[in-house]
Structures are given as structure tokens and as C-alpha cells.
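Please read it alongside the sequence and the model.

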Amino acid sequence: MKFDSLCVIGMGYIGLPTASIFASHGIHVTGMDINADIIDGLHAGKLHIFEPGLRGLVMDALSSGSLEISSEVRPADAFIIAVPTPFYEDKRADLRAVISAAESIVPHLRKGNLVILESTSPPRTTVDIVAPILEKSGLKSGIDFKLAYSPERVLPGRILRELVDNARVIGGIDRPSAEAGRDLYRKIVKGDIILTDATTAEMIKLMENTSRDINIAIANEFSRLAQKFDVDIWEAIEIANLHPRVEILRPGVGVGGHCISVDPWFLVEAAPETAQLIKTARGINDEQPAFVAGLIEEAADGLVGKKVAFLGLAFKPNVDDIRESPAVHLAHHLQTRGAVVDAYEPFKENAGLTGIHQVTNLEDALQDADIIVLAVGHEQFKDLDPHLIYEKTKANLVFDAVNSWDKAAWENAGFQFMGLARKY
Ligand code: SAJ
């Protein structure tokens with residue numbers, strides 16, 4: 001199939017990079033979002049998200065005219081839905097954005113079009129929810145238009161590279177739909193393109209993130225056991241990983257972001273009696289911020305009235321995304337235990353989080369601090385010189401929750417140094 005135009009619905013972490021890359025490969029792209037602030041910002045050359053290399057790509061695409069940003073869906077050869085699928089309080093998938101994106105395509109759907117859902121969704125969403133909505137147009141899926149599910153699998157921080165290099169799974173509601181999806185993504189994807197059916201593709205995406213969640217849960221549980229037995233978990237993991245069939249991930253303050261901490265629930269919701277291990281792992285990762293807060297409280301011999309210079313709020317290193325961030329939960333737990341937290345997040349200096357006091361530079365965080373807590377291993381934190389920090393603070397305790405600082409160097413500078421299951 002030939003594609004000259006594309007409309008991408010949702011200008012978030014996935015939609016905006018995807019739209020810009022297609023635009024830089026000779027397709028005319030409309031990037032649509034319902035959020036007026038995002039649209040106005042992009043028109044004014046301001047990006048609402050940080051991702052390495054994205055700004056230049058978006059600006060080039062906008063100035064060449066190959067990418068147009070709009071608050072409305074426009075007719076196109078193909079449509080990509082890349083909207084968020086969060087969960088409700090009770091952990092059920094919130095598909096409202098997917099449903100309204102599909103509805104917004106209906107008036108513009110033409111014979112021969114291709115529609116692709118990229119948003120992570122519970123099994124059967126494409127066939128049971130999206131197809132019937134699109135068919136309100138009077139057109140029949142598989143006969144008049146093609147429909148496929150193709151999960152995004154890119155890692156925040158490396159999105160532009162991975163969008164091109166990663167293998168791409170395309171699950172069609174029928175074979176011609178999968179093949180049409182392949183023809184579209186072939187324009188930008190250098191990695192393998194694997195065709196399957198829509199529900200299998202939905203399941204693959206959920207399995208990938210769920211298996212990562214479970215692997216991080218076991219690493220977190222190992223860290224608790226190591227703490228109990230006075231073992232340095234980092235040394236133990238390094239040595240265990242020398243085994244050719246062992247690859248233990250990193251323990252930390254918990255699991256966050258909009259993907260791994262959310263997606264496993266879609267399987268639990270779909271089959272609660274079967275998805276036992278998945279649910280337990282979620283629980284372990286969700287408890288990790290409280291566990292780390294307990295370690296900090298113990299190291300500080302109580303937190304009441306103590307001031308904490310809290311470094312990092314993002315859900316992982318070198319990104320600005322604070323959605324479901326375990327660092328934010330850790331900050332709340334420290335406050336509940338009586339600490340006064342000044343949080344510094346260089347990637348998002350004003351995240352507007354309720355109940356968290358944020359400062360805009362390191363010096364303000366360090367001022368009057370009793371304890372320094374490293375919650376996210378951002379590169380710029382890793383590079384901090386402990387001797388220079390020592391001159392800027394009266395804190396004498398450092399707690400590295402993410403194994404990013406050299407214990408000996410901080411001790412040499414004059415600090416007492418503690419960490420998550422850390423001896424060396
Ligand atoms: N984390 C650990 N220990 C580790 C690895 C990660 O505690 O060893 C934590 C991170 O700090 C973070 C969370 O887990 O809080 C998730 O981070 P991540 O880097 O594992 O994953 P995401 O959420 O940035 O991206 C994942 C990726 N999925 C897999 O690796 C299977 C990505 O490929 C997906 O596209 C993305 O989810 C998504 O959008 O679904």
C-alpha cells in the first residue's frame with residue numbers, strides 16, 4: 001500500500017516522536033492533540049516533553065511543513081492512535097482516550113484507509129472496542145479499511161533511535177491489515193517487522209512489560225533479603241550475573257513510569273484468578289519506596305524535623321517523566337515519617353506535585369540539609385564531586401538508594417555513607 005499522508009492522534013511521548021520521524025521520511029503528517037496547551041506550545045516552538053534529539057527533529061519537520069500540528073483529526077491515508085491508557089483507582093484500564101481517539105477518526109475514515117492502535121491496551125481492545133467504533137462510519141473493517149495493533153516498544157531516553165532500530169510487531173485484524181501496517185512502518189523502521197494477529201500483538205506488549213516488572217520485583221526482594229543478611233546486593237548481583245543463564249536486574253526505589261507499573265494490571269484485570277505472580281510482583285515493587293524510606297529513617301536514627309536534600313523525582317535516570325514515579329512516593333514516605341523534604345529535579349524544575357516542596361537548584365536543596373538522599377541516578381548527579389558538596393552543606397549523612405555514588409569517595413570527603421543493601 002502507498003501512504004502519502006498520516007494523522008497521528010496524541011502528541012505525547014510516543015505520538016510526537018513517531019509523527020516527526022514519519023514527517024522526516026517524506027510523508028505529510030498531521031499531529032493531533034486535544035490539549036490546547038500542547039498545540040499552542042508546539043506552534044510557538046516549545047516542546048512539553050524532553051527526549052534527546054526530539055526538539056531538533058520536531059522543529060525541522062514543522063519548519064519544512066511536513067508536520068502540521070492541529071487540534072482536529074484530518075483526513076489521511078493512515079491514522080495512528082498513540083494516546084495514554086492509564087488505570088483507574090481500582091487498577092482497571094482507563095480506555096477513555098482510546099475510545100475518543102477512535103471516535104474522532106470516524107467522520108474522516110475513507111475506503112482504503114489504515115488505522116493503527118499503538119496505545120498499550122488489554123487483550124482484544126482492537127477487535128472488540130476499536131473496530132466497532134470505526135464501523136460507525138458505515139465502513140466495514142477488513143473490507144473497506146484496514147485495522148492493526150502495533151505496540152510501541154521504545155525506551156524513554158532512547159526513543160528516536162529505538163523507533164527506527166527496534167523490531168516492530170504488527171498485528172492485523174486480518175493478514176492484509178498486518179501487511180498494510182508493514183508497508184507504513186517500513187518507511188521508518190530499520191529493524192525486523194513481524195506480522196501477527198491483533199490480539200497476539202496486544203498480549204506480546206503486555207507480556208514484555210510484565211516480565212520486566214517481575215524481574216525487577218525479584219531484584220527488589222533480593223535487596224531486602226540482602227539487607228537482612230548483611231550482604232552487599234550489588235556485589236552479589238554482579239557475581240551471580242557471571243552465570244551464563246542468570247541476568248538479575250537492578251533493585252532500586254521501586255518501579256514507575258507510565259508503562260511497567262501500569263501494564264501488568266491489564267492482565268490482572270483480564271484474569272485475576274490466573275495472574276497471581278503478576279499481582280504479587282506489582283505489590284512488591286509498589287512497596288519498595290516505603291521499604292527504602294524505612295532504611296533511610298533507620299540510617300538517620302529518626303527523621304522527625306530533619307531536613308532532606310532529595311535528589312531526583314523522575315521515574316528513572318535522565319528523563320523528565322514523573323508519572324507513577326517511585327521517587328515521588330519515597331519523598332512522600334519520608335515526609336510521613338517526619339522529614340522536611342526539599343526536592344531537586346533538574347529535568348523538571350517545577351513539576352507542580354501536591355505536597356512536595358521543589359527547589360530549582362542544587363544549592364537550595366543542600367542548604368541547611370541534614371541528609372542527602374539520591375533517589376534517581378541522573379548522569380549529572382553521578383558526576384557530583386563529594387568534596388564540593390561537602391563545602392555547600394552541613395549534612396553529614398548521604399543515602400544512595402540507586403547505587404550511583406562511590407562510597408569511598410563520599411566517605412573520604414567527610415560524609416557518613418549508606419545505601420540500599422550496600423556495604424562497599
Ligand atoms: N527499573 C529498576 N531496575 C531495573 C530497571 C528498571 O528499578 O533494573 C525501574 C526504573 O527505574 C523505572 C521502571 O523500572 O522506574 C521502568 O523503567 P524501564 O527502563 O525498565 O522501562 P520504561 O518504563 O522506561 O520502558 C519500558 C520498556 N519495556 C521493556 O523494557 C520491556 C520499553 O521498551 C517500552 O516501550 C516501555 O516500557 C513502554 O512504553 O511500554
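**Notes on the predicted model**

1. Lys91 is found in the loop between β4 (78-81) and α4 (96-105); helices (H or I, at least four residues) and strands (E, at least two) are DSSP runs, numbered from the N terminus. Its phi is near 75°, a positive value in a residue other than glycine.

2. Residues are numbered from 1 along each chain as its sequence is written, and side-chain values use heavy atoms, with hydrogens and water left out.

3. Leaving aside neighbours within four places in sequence, Lys91 is in contact (heavy atoms within 4.5 Å) with Trp265, Glu269 and Asp286. The C-alpha atoms of Lys91 and Asp263 are separated by 9.8 Å, although the two residues are 172 apart along the chain.

4. Asp263 and Trp265 are among the buried residues of helix α10, together with Pro264, Phe266, Leu267 and Val268. This helix, residues 263-270, is mostly covered, with six of its eight residues buried. The buried residues of α10 pack against α8 (198-229) and α11 (276-299).

5. Where does Ser121 lie? Its place is the loop between β5 (114-117) and α5 (125-134). Ser121 counts as buried because its relative accessibility is 0%. Not counting residues up to four places away in sequence, Ser121 touches Thr85, Leu95, Val98, Tyr149, Glu202, Leu206 and Phe266. A polar atom of the Ser121 side chain lies 2.8 Å from the backbone oxygen of Ser119.

6. Asn318 also has a positive phi, of about 65°, although it is not a glycine. Asn318 is placed in the loop between β9 (307-311) and α12 (326-336). With a relative accessibility of 25%, Asn318 counts as partly exposed.

7. Helix α1 (residues 15-23) is mostly covered: nine of its nine residues are buried. These are Gly15, Leu16, Pro17, Thr18, Ala19, Ser20, Ile21, Phe22 and Ala23.

8. As for the chain as a whole, its secondary structure comes to 16 helices and 14 strands. A compact globule of 424 residues would have a radius of gyration near 22 Å, and the chain has 23 Å, which agrees; the radius is taken over C-alpha atoms, and the globule rule is 2.2 Å times the number of residues to the power 0.38. The C-alpha atoms fill a box of roughly 70 × 50 × 40 Å, taken along the principal axes.

9. Of the 424 residues of the chain, 53% count as buried. Among contacts between residues at least 6 apart in sequence, 72% join residues at least 24 apart.

10. The accessible surface of the chain comes to about 18200 Å² (Shrake-Rupley method, 1.4 Å probe; for residues, only the protein chains shown count as cover). Carbon and sulfur atoms account for 53% of this surface. The chain has 42 positive and 59 negative side chains, where Lys and Arg count as positive and Asp and Glu as negative, with His and the chain ends not counted. The centres of the two sets lie 4 Å apart, each charge being placed at NZ of Lys, CZ of Arg, CG of Asp or CD of Glu.

Notes: Predicted model: local features only at pLDDT ≥ 70, side-chain atom pairs only at ≥ 80, totals over all residues. Buried < 20%, exposed > 50% of the residue type's maximum accessible area, 1.4 Å probe, protein only. Polar contact = N/O pair within 3.5 Å; in protein donor to acceptor, adjacent residues only side chain to side chain.
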